Amino acid sequence: MVSAAPTPCQIALVFKYFARFALLGVWFLLSCVVAVTWLPFRWKDPNLGVAYARFLYWGVRRILNIDVRLENGQAVLQTQPCIYVCNHQSNMDVFTICSLFPKRTVLIAKKEIRRIPFFGLFFEGVGNIVIDR
């Protein structure tokens, strides 16, 4: 059975996918470097984590052409303090949660997150908690 050659439209879609993926990687690295430069001035400030999350989401939503809408957001903000639980079904969870962080939010993550260059330092530097599972 002979397979058909990909059409120009299919090739363009594949190129667009990989280009966005590459841009996303560059944006993540750039935003981590910017975030680490903020750290010495606001060490252990959870609001810096929120600012970073919003900054990261700002670029991600433009690169991936996504938008997150929070329904009944006032109810979420009125019930503070609280614990938000994410079941982490895909890597997109990270980007969607970035758009929803209320102020003074800290995260709990596995200790392996420390290994991510720049991001690991920033993650702990804003007061997030790492655990050994």
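Helices (H or I, at least four residues) and strands (E, at least two) are DSSP runs that take their numbers from the N terminus. With that naming in hand, here are the close-up views, all drawn from a predicted model.

**View 1. Helix H1 runs through residues 8-38.** Let us start with H1, which has 31 residues. From its first C-alpha to its last, H1 reaches 45 Å, close to the 45 Å expected at 1.5 Å a residue. Look for its buried residues, which are Leu24, Trp27, Ser31, Cys32, Ala35 and Val36. An α-helix has 3.6 residues a turn, so residues three or four places apart point the same way. The buried residues of H1 pack against helix H2 (46-64), helix H4 (92-98) and helix H5 (119-125).

**View 2. Tyrosine 17 and phenylalanine 18 form an edge-to-face pair.** The model holds eight aromatic pairs by the ring-centre rule. In the pair shown here, the ring centres of tyrosine 17 and phenylalanine 18 are 5.1 Å apart and the planes meet at 80°, so the arrangement counts as edge-to-face. Are these two residues, tyrosine 17 and phenylalanine 18, buried or exposed? Both tyrosine 17 and phenylalanine 18 are exposed.

**View 3. Lysine 44 sits in the loop between H1 and H2.**

View 4. Take a moment with glycine 59, which is placed in helix H2. Glycine 59 has a relative accessibility of 4%, and buried means under 20%, so glycine 59 counts as buried.

View 5. Asparagine 65 has a positive phi of about 60° although it is not a glycine. With a relative accessible area of 62%, asparagine 65 is exposed. Asparagine 72 is exposed too, and its relative accessible area is 59%. From asparagine 72 to isoleucine 97 the C-alpha atoms are separated by 16 Å, and the two residues are 25 residues apart along the chain.

**View 6. The largest nonpolar core has 25 residues.** Which residues have the most contacts inside this core? They are Tyr52, Leu56, Val60, Ile113, Phe119, Phe122 and Phe123. At least two residues of the core come from each of H1, H2, H4 and H5. H2 gives the largest share, with nine residues. Zooming in on phenylalanine 119, you will find that it touches Phe28, Cys32, Tyr52 and Ile113, leaving aside residues up to four places away in sequence. Ring pairs also link Phe28, Tyr52, Phe119, Phe122 and Phe123 into a cluster.

**View 7. The largest pocket has a volume of about 1800 Å³.** Its lining is made up of 48 residues. Which of the lining residues lie nearest the centre of the largest pocket? Those are Val94, Ile97, Phe101, Leu107 and Ile108. H1, H2, H3, H4, strand S1 (108-110) and H5 are the elements that give two or more residues to this lining.

**View 8. Lysine 111 is placed in the loop between S1 and H5.** At 32% relative accessibility, lysine 111 counts as partly exposed. Which residues does lysine 111 touch, not counting residues up to four places away in sequence? Its contacts are Val130, Ile131 and Asp132. The C-alpha atoms of lysine 111 and arginine 133 are separated by 7.9 Å, while the two are 22 residues apart along the chain.

Notes. Residues numbered from 1 in each chain as written. Predicted model: local features only at pLDDT ≥ 70, side-chain atom pairs only at ≥ 80, totals over all residues. Heavy atoms only, no water. Expected span 1.5 Å × (residues − 1). Buried < 20%, exposed > 50% of the residue type's maximum accessible area, 1.4 Å probe, protein only. Contact = heavy atoms within 4.5 Å. Core = buried A, V, L, I, M, F, W, Y, C linked by side-chain atoms within 4.5 Å. Phe/Tyr/Trp six-rings, centres within 6.5 Å; stacked < 30°, edge-to-face > 60°. 1 Å grid on protein atoms, 1.4 Å probe; cavity = no way out; pocket = protein on both sides within 12 Å on 5 of 7 lines; lining within 4 Å. Points joined across faces, edges and corners; volume = space filled by probe spheres on them.
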